[in-house]
Amino acid sequence: MAEKENHDNAALTVITTHVNADYDALACMLAAQKLYPEALVVFPGSHEKTLRNFFIQSMIYLFNLEEIKEIDFSRIRRLVLVDTRQPDRIGNFAALLDRDDLEIHIYDHHSPLTGDIRGDVEVVEATGAAISILTGIIRERGIAISEEEATIMCLGLYEDTGSFTFTSTTEKDFLTAAYLLSKGAKLDIISNLTAREMSFEQVGVLNDMLQAVSRYHIKGVEVAVTTVTTEKYVPDFAFLVHKMMRMENLSAFFAIARMANKVYLVARSRSPEVDVGAIVSKMGGGGHPYAAAATVRDKTLFQAEQELLKILYQDVRSSKRAKDLMSSPAIRADAATTLEEARNLVTRYNINALLVTERREGREVLLGYISRQVISKALYLKLHDTSVQEYTSTELGTVGPESELPEIQDKIIENKQRILPVVEGDRILGVITRTDLLNVLVQQSDFTARHQINPYEDTINARTRSIHRLMKERLSDSLLDLLRSAGKVADELDYGAYVVGGFVRDLFLYRPNEDVDIVVEGSGIEFAKTFARSREGRVHAYEKFGTAVVIFPDGFKIDIATARMEYYRFPADLPTVEMSSIKLDLFRRDFTINTLAIQLNSQRFGTLIDFFSAQKDIKEKTIRILHNLSFVEDPTRVFRAIRFEQRFGFTIGKLTAGLIKNAVKMDFFKKLSGRRTFNELRQILEEENPLPAIQRLQDFDLLKMIHPELQMEKKMISDFKSVKKVLSWHDLLFLDEPYLRWAVYFMVLIRGFKADVSREICEKFELAPRHQDILLKERLQAEQCLFRLGGMLPAQNSRIHEALSGFRVELLLYMMAVTRKEMVKKAISLFFTQLRQTRISVTGKDLKRAGIEPGPIYREIMDAILKARLNGTVHTRDEELNFVRSYVS
């Protein structure tokens, strides 16, 4: 009894890490357990779902693991912290830090931050993964590790270094990997655990992140920021951030997500100018310079974004240093140089200011500078032989070669200096002029609109006319009433309200379209909330963009947006977002045919507004862009132009076609990620008849985006036409079963390539593994089945059923489309319409009642009954039971 009491009161050593532990934290705790074998391993709070499943299913036996609720905190005498030293990241263990009797040991790779925990033992190194530090100690002490332990440690190493692609990766990380591999680490297991297939929900979130991303040029560094909102928590948000960073090739990326009632911030950086650890720490989080995360408390999504932008403009270090901007050597004049000689110098070198120096005790001393303007005025006053020293401006600021852009900007602009010397010690390395600075600031500004229509300055008179009668003819009474109600709400709020975009375009094209987009000159969110209340609806609002979705009791939805614009008060300033006019909002769209608007306010209800000759282009059936740099800004518009051209039976305008060819020639598409390219291709393949659009892609030499050798030859054109017929036949069956329409066409596109090339195409487009299985492995099986079918027909129904059962709808439709044998086509049709729905009535209970002992015989009997049903030898339940008795006897 006394022995048990002493055990219960024994001092504890506890190994822990940060909340939301990742694989590196897991690996570090395992490694620390090798150094402190008597210790308990305790998670401070929740941990990732992937990590939890990994624990439960496989490797828990390796850890001396204890639940935090089972720990008597009063018995803890030594706390071992791994992969963290921030008090707000260790959960309830932070309460122990003020105890005098607590010994703290720290093993961490993060950069130092204000408020870091101080330890009695501190091992802190700048490595890509903290496990590299602990593995080094294990190796030095000669502590043995098993293959399983080496695998877990290596897993943490791979995750925290991004498989050795992050810029934070060090030589020590590579050496650690080599050591762990020598100890039996299994790379196939690591690959399976780090490779993640995205769920449908995650794909949706990633798409929202891509759509919402904004790029800011801060001190010469491009920083991308995106926001996203989901109704519930989406796991692995950090994985989506990493995925998007690689897809878009971002150098610094911040993603803010509101999930349920919490706001999360995840940041990644490949740029030494953007220390995400330091930036995110100011928002209550932590990390290291290349990866960081935070849970943002007591702030809305919009407030979190605004605070982040404010911190970014303060903390991002300039990528431009004085040494990068300066002109060298600096042209200077001795203090004794005459003003006449100084004029010759500024004329010869075509400069506007001249440094003035003199020799003192064998070294050159900078006195100041003299401007061309001062020299000219002095010469006008007949002071040709006067020395420049007499009129030199001596109040002169200087910078060092490593000085950053903000300091340079302050010295030149605030001090009104024409020229800024760059000095190191006594040496003058060069000079930066106001023109040099202006060039850098202009490069950071968005001045690509130099050759475009400027809707902010150019007068663009809108064509207006009433289309109230057309609306009454084309729209249902309920939808017309809804639009009138929207106009009345806008009147109450003193806003302008317009229905815009594809809805209006399709009204003139006599095409059904109930995707209603309303743009408001005012607060879109306030309008949406007021409108929803008036119709007993509900609202999903997105504050950053001033947008909302109103959902009515019958499920009908309307998208609401604030007409807006952004401007900068001066270079490098934070963008100021203003509510804008409908004209500026429409100018941001892709093609003229999508720029029509109908006013909804009561006094002008049904008034069509056309700023950009959209009616003319619809009448002439022409696709035109709004400005000449449209495809430079977004090359995916090329695919949309082709899709709209073929869907509506329009023609791409001559200038627009020329700009598409120019975009192809300049290869702007190489900057597009495979996923974005495939998203546009998929939308084309989902059209009712994608063949003309695919042929247009070939006309513009864009099929090379799929594969350089892809050509629309006669056989492929014939297969596309066949697919269209088969899909139309299937859709008319009204089977109410979803299928991937695009996949059937895509299989035809890659049909002529060898398996390895087809796989390269799928990987380039970053297709989900389940889609790759359909397009590659299952397609090959389908083609083998086609070959077998061709040799066995005609055949009994049971043999046809046996050959085709198990294939997805997409594969069956593909086989039906590409076969050239009418008998095979009819067999697949028979399977589709009749055989695959065949069911038997007899159950296992019937077999048991017939005195048949359960076992493999049940499956054999069931298969035999189904075969008889398919071949028409039995038709009713009684006949099936008789068949059973006959079969058994």
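Helices (H or I, at least four residues) and strands (E, at least two) are DSSP runs, numbered from the N terminus. The model described here is a predicted one, in which local features need pLDDT of at least 70 and side-chain atom pairs count only at pLDDT 80 or more, while totals for chains, interfaces and linings use all residues. Residues are numbered from 1 along each chain as its sequence is written, and side-chain values use heavy atoms, with hydrogens and water left out.

Val 234 is buried, with a relative accessible area of 1% (buried means under 20%, exposed over 50% and partly exposed in between, with a 1.4 Å probe and protein chains only). Not counting residues up to four places away in sequence, Val 234 touches Glu 201, Gln 202, Val 205 and Met 259, where contact means heavy atoms within 4.5 Å. The C-alpha atoms of Val 234 and Phe 545 are separated by 22 Å, the two residues being 311 apart along the chain.

His 105, in strand β4 (residues 103-108), is likewise buried, with a relative accessible area of 6%. Leaving aside neighbours within four places in sequence, the contacts of His 105 are Tyr 36, Arg 78, Leu 79, Val 80, Leu 81 and Val 121.

Turning to helix packing, α5 (residues 147-160) and α7 (residues 187-194) pack at an angle of about 45 degrees, with their axes 10 Å apart. Axes are lines fitted to C-alpha atoms, for helices over the stretch in contact, and angles run from 0 to 180 degrees between N-to-C directions. The two helices are therefore oblique to each other; angles under 35 degrees count as roughly parallel, over 145 as roughly antiparallel, 65 to 115 as roughly perpendicular and the rest as oblique. At this meeting, Thr 151, Cys 154, Leu 155 and Tyr 158 of α5 face Leu 187, Ile 189, Ile 190, Leu 193 and Thr 194 of α7.

Finally, there is an open sheet of eight strands with mixed pairing, in the order β17-β26-β25-β18-β19-β22-β21-β20; two strands pair if DSSP finds at least two bridges between them. β17 (463-466) and β20 (538-542) stand at the edges with a single partner strand each, so one side of each is left without a neighbour in the sheet. Strands β21 (residues 547-551) and β22 (residues 557-562) run antiparallel and are joined by five bridges, with Ile 551 opposite Lys 557 in β22. Helix α19 (residues 502-509) packs on the sheet, and its direction makes about 55 degrees with that of β18 (496-500).
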